[in-house]
Amino acid sequence: MTTTTTPPPPVHAGGGAWRAVRAEIRRRTSLKVSLAVVALFVLMTAAAPLIASLGGWGPEEFDKSAVDPYLGGLPIGPLGGVSAEHWLGVEPITGRDLFARVVHGAQVSLLIAFAATAIVVLAGVTAGIAAGYFGGRTDTALSRLMDLTMSFPSLIFMIAMMSVARDADRTLLMILVIGLFGWPGVARVVRGQTLSLKHREYVDAARVGGSGPWRILARDILPGVAGPVIAYTTLMVPGMIATEAALSYLGVGVRPPTPSWGQMIAESVAYYDTDPMYFLVPSVCLFLTVLAFTLLGDALRDVLDPRGSRT
Amino acid sequence: MILYLGRRLLGVLGVLLAIAAVTFTIFYVLPSDPAAAACGKACSDERLEAIRANMGLDAPLWRQFADFVTGIFTGRTMGTGQYALHCDFPCLGYSYENSEGVWDLLVDRLPVSASLAAGAAVLWLALGLTAGVTAALRKDTLTDRALMVGAVAAASLPVYFTSVLLIYGLIRLTGLLPYPQYVPLTSDPLSWASNLLLPWLALAVLYAAMYARQSRGAMIESMAEPYIRTARAKGLPRRTVVVKHGLRAGMTPILTIFGMDLGGLLAGAVITESLFGLPGVGRLFYGALTTGDQPVILGVTLLAAGFIVVANLAVDLLYAVVDPRVRY
């Protein structure tokens with residue numbers, strides 16, 4: 001929907017779609033950049049301790065020598081204490097290394113976002129296919145459940161659940177809570193797509209040929225649903241990252257000293273004019289990740305789901 | 001139409017009841033004992049029991065829920081003996097913190113959140129639709145590309161960042177606007193608007209960007225329809241063709257999203273309210289969370305759910321107005 005200068009190339013079934021994706025990537029520079037950004041942050045998620053150790057500091061390691069006790073604990077040096085030792089500067093007061101914290105924060109933030117997305121896609125595809133393919137009562141019950149879930153004030157509910165369960169594992173709880181409210185969106189897309197596929201000739205042919213419902217679902221319906229789901233999922237990741245940031249920002253997410261981007265932003269807002277670097281580092285990371293996933297999702301949608309199965 | 005409305009209203013009640021039940025179960029089952037909190041440190045077992053009985057916490061869960069729901073419709077007397085307290089018609093209970101009625105608290109805070117939501121919505125619709133329609137009409141030109149690149153970037157900006165940028169630029173640096181303080185609309189409309197302009201902008205940037213993207217897509221699609229060609233061929237002025245034929249048909253999907261966004265905004269503005277220190281429903285909720293004030297949490301959740309459901313209903317009814325093809 002964004003910057004399509006020419007109509008997207010027609011989609012062919014099977015490997016053709018991926019060839020189209022590759023062609024699209026070659027054509028758009030912005031896509032190459034966003035792919036690189038996504039790859040970088042995924043790498044951070046996978047190997048945070050390794051990458052952070054390049055900087056030589058641990059995420060929870062204090063460095064009192066990097067802050068000035070006579071200036072209210074502001075970092076010593078330009079740009080919030082950027083130096084050969086602290087690549088992105090340090091936190092005021094504690095002197096913790098921002099590079100180490102932002103890399104570890106990427107791991108926490110993105111791990112939660114990815115895991116929540118995985119849950120949402122799994123639950124959404126299952127519910128959507130079941131509702132669309134089996135129809136009747138299954139469809140009614142599942143559609144009602146979707147409507148009900150969508151009527152929940154989700155952010156409020158997430159905040160409340162996070163703050164009530166005080167002793168639970170924060171990361172796991174956050175994944176489950178965020179995942180709980182996301183599935184109806186995917187389910188609707190999949191349901192619509194399944195409905196339109198269910199009576200195509202090739203599905204009828206498979207049925208006449210003696211395939212059972214499970215075989216039809218797995219071999220004939222699922223591949224047809226995959227394109228829109230992949231596009232929708234990529235566009236969903238930014239929302240998940242933002243939700244994680246919001247929860248951590250409000251202080252109900254991961255607990256300090258474990259860093260996450262939302263939490264780092266919350267702590268640094270008060271310093272926005274005395275130590276802008278402290279505020280900018282996590283904000284820019286959040287911005288770049290969300291932007292990269294949005295651009296990627298846009299392109300994938302143009303290629304894999306040209307008519308847009310979203311309502 | 002009336003039949004449809006009746007069925008939908010019943011559905012709304014059902015959804016609200018289900019949400020109340022889920023909220024109730026989660027917050028009343030999970031381990032936190034308001035009676036112990038009310039009793040204080042030096043608390044004997046008998047006294048704890050007495051408080052629990054007085055708060056109605058000794059009854060089985062379904063009983064508590066039934067009492068709560070009847071209380072909303074008829075009002076109820078809470079507690080027994082000398083602690084008895086009558087709670088009038090829309091009874092949502094009393095705050096554990098300051099014994100104020102939850103309904104009164106909500107009514108007190110609602111104007112702030114409603115002002116925030118309404119102003120932001122007007123702003124983002126105006127900005128988003130203008131940008132989206134402009135881009136669609138100038139598809140594949142430089143204007144289109146610039147607008148859409150701007151929209152993607154703006155949609156990715158974290159709200160904290162936008163807010164801080166606005167605060168810094170418009171308050172600290174230039175002093176163009178006051179630091180937001182809530183002034184009721186009825187007492188001074190001008191001051192109401194100038195105080196809220198900053199939070200409005202902060203919220204609107206994100207949504208305007210999303211609406212610009214959506215409306216561009218919808219507009220391109222509807223402008224390619226055959227009836228647009230017909231309208232143009234009959235010699236209608238371009239403006240009429242764009243607004244009456246193109247925009248009107250393209251509005252339906254936008255309206256759906258708008259209903260969901262607006263309904264969710266009442267409670268979804270927790271972050272904006274806390275960033276700008278506005279005393280709205282979101283703040284009330286956040287305060288109640290930190291003190292474990294369950295009646296208030298439940299009240300805000302229900303109110304927020306109510307807004308979402310009602311906004312969705314309103315949108316479905318509006319379809320018939322916007323799109324003449326829709327009939328109920």
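Helix 11 of chain A and helix 12 of chain A are roughly antiparallel to each other, a term used for angles over 145 degrees. The model is predicted, so local features need pLDDT of at least 70 and side-chain atom pairs count only at pLDDT 80 or more, while totals for chains, interfaces and linings use all residues. Residues are numbered from 1 along each chain as its sequence is written, and chains are lettered from A in the order in which they are written.

Helix 11 (residues 261–268) of chain A packs against helix 12 (residues 276–304) of chain A at an angle of about 150°, with the axes 9 Å apart; helices here are DSSP runs (H or I) of at least four residues, numbered from the N terminus, and axes are lines fitted to C-alpha atoms over the stretch in contact, with angles from 0 to 180 degrees between N-to-C directions. Among the residues that make this contact are A:Trp261 of helix 11 and A:Tyr278 of helix 12, where contact means that C-beta atoms, placed from the backbone, lie within 7 Å.

Between the chains, 42 residues of chain B are in contact with 36 residues of chain A. The table gives residue classes, with Ala, Val, Leu, Ile, Met, Phe, Trp, Tyr, Cys and Pro counted as nonpolar, Asp, Glu, Lys and Arg as charged, and the others, Gly among them, as polar.

| Contact | Residues by class |
|---|---|
| Side of chain B that touches chain A | 30 nonpolar, seven polar, five charged residues |
| Helix 11 of chain A with helix 12 of chain A | eight nonpolar, two polar, no charged residues |

Key. Contact = placed C-beta atoms within 7 Å. Helix = DSSP H or I, 4+ residues; strand = E, 2+ residues; numbered from the N terminus. Parallel < 35°, antiparallel > 145°, perpendicular 65-115°, else oblique.
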